[in-house]
Amino acid sequence: MPFKVLEGIIIAAYAVKANYGYIYIRGEYSKAIDIFEKTIKDAYHRGLLGKNILGSDFSFELKLVKGAGAYVCGDETSLINSIEGKRGFSRIKPPYPVQRGLYDKPTVVNNVETLATVAEIMKYDENIYSKMGTEKSRGTKLVSISGDVKLPDVYEIEFGKGTLKDIIELAGGTKDELNFVVPGGLATSILKYDEIDVLYTYEDLEAAGSSVGSGGMIVVSNKHDLVDILLNVSDFFVKETCGTCFPCREGNRNIKEILLELKKKGYKEKYKKIIGELREAILLAARCGFGQSSVNFIYSLLDKFFYEEVR
Ligand code: SF4
């Protein structure tokens, strides 16, 4: 896999005539860092990186940059700031990175999965990738399944060939009775145990009220306390917001306070109403995807599992 990512980066650089590239990895991921350091060194040794690659007139230098642990650096402009040695704050868009990005130069930012896919697509004369999946969800997706499944791992799934239920079965099924699934990481809305007969495609998950998101699927059994889960997720968003936008920073703090009150006093319908309004405000005013999606999980869990007695 690291060579496939590297190949994709070199192909993308050649396509846009870029002479400098960076692989950005969170500092905590020491295993991935070691692997990519070795891969880059090896590629320089073989003449696949550096000046006049394989005797051509194309030169490309690649450097590995370790992040300092900020989740928000998943936003492309925060990541660019971090590479420049600045704090991982997002930038106002436009200008977009392709217009003015790293060191004010036009910059292409892609995740490693996309780049690895580029290398795979280029391997064949015929574009077999576009023949896989559905019209709106082409090809395959790497789904990282964690939580209460027997075989948590990364699985390559062809879009449209199975449901969320099938993917859970592929991962060995659940350890205990299923309660809900987070299809694409904590930025996506949950789907309840009786909503998982949905095809794994962008369009089907969207129609079901959630999304593919990052492909980080979390499976949750009925052995967990829902309020503790809500508080845990809320705490994550409070700690990881970069704090630039007032609604994202204060809104997420307010949500945590409401959830603490919920834990102490029990559920009240007004909590869901206020959190729903905060979600709208954050969605309208947040500068980056982190804020825009920070309440999806919490709101959907409240909406699907919490009701006042009178209701
Ligand atoms: S939305 Fe949140 S994380 Fe994104 S820039 Fe604004 S404050 Fe920072």
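Colleague: In which sense do strand β3 and strand β7 pair?

Modeller: In this predicted model, local features need pLDDT of at least 70 and side-chain atom pairs pLDDT 80 or more, while totals for chains, interfaces and linings use all residues. Residues are numbered from 1 along each chain as its sequence is written. Strand β3 (residues 140-147) and strand β7 (residues 216-221) pair in the parallel sense over 4 bridges. Pairing requires at least two DSSP bridges; strands (E, at least two residues) and helices (H or I, at least four) are DSSP runs, numbered from the N terminus.

Colleague: Which residue in β7 is the bridge partner of Ile145?

Modeller: Met217 in β7 is the partner of Ile145.

Colleague: And what is the strand order of the open sheet?

Modeller: The 5 strands run β4-β3-β7-β5-β6, with mixed pairing. Since β4 (153-158) and β6 (191-192) stand at the edges with a single partner strand each, one side of each has no neighbour in the sheet.

Colleague: What is the phi of Tyr103?

Modeller: Tyr103 is not a glycine, yet its phi is positive, near 50°. Tyr103 also sits in the loop between α3 and α4.

Colleague: Is Tyr103 buried or exposed?

Modeller: Tyr103 is exposed (12 or fewer other C-beta atoms, placed from the backbone, within 10 Å of its own), because 10 lie within 10 Å.

Terms used: A residue is buried if 20 or more other C-beta atoms lie within 10 Å of its own, exposed if 12 or fewer, and partly exposed in between; C-beta atoms are placed from the backbone.
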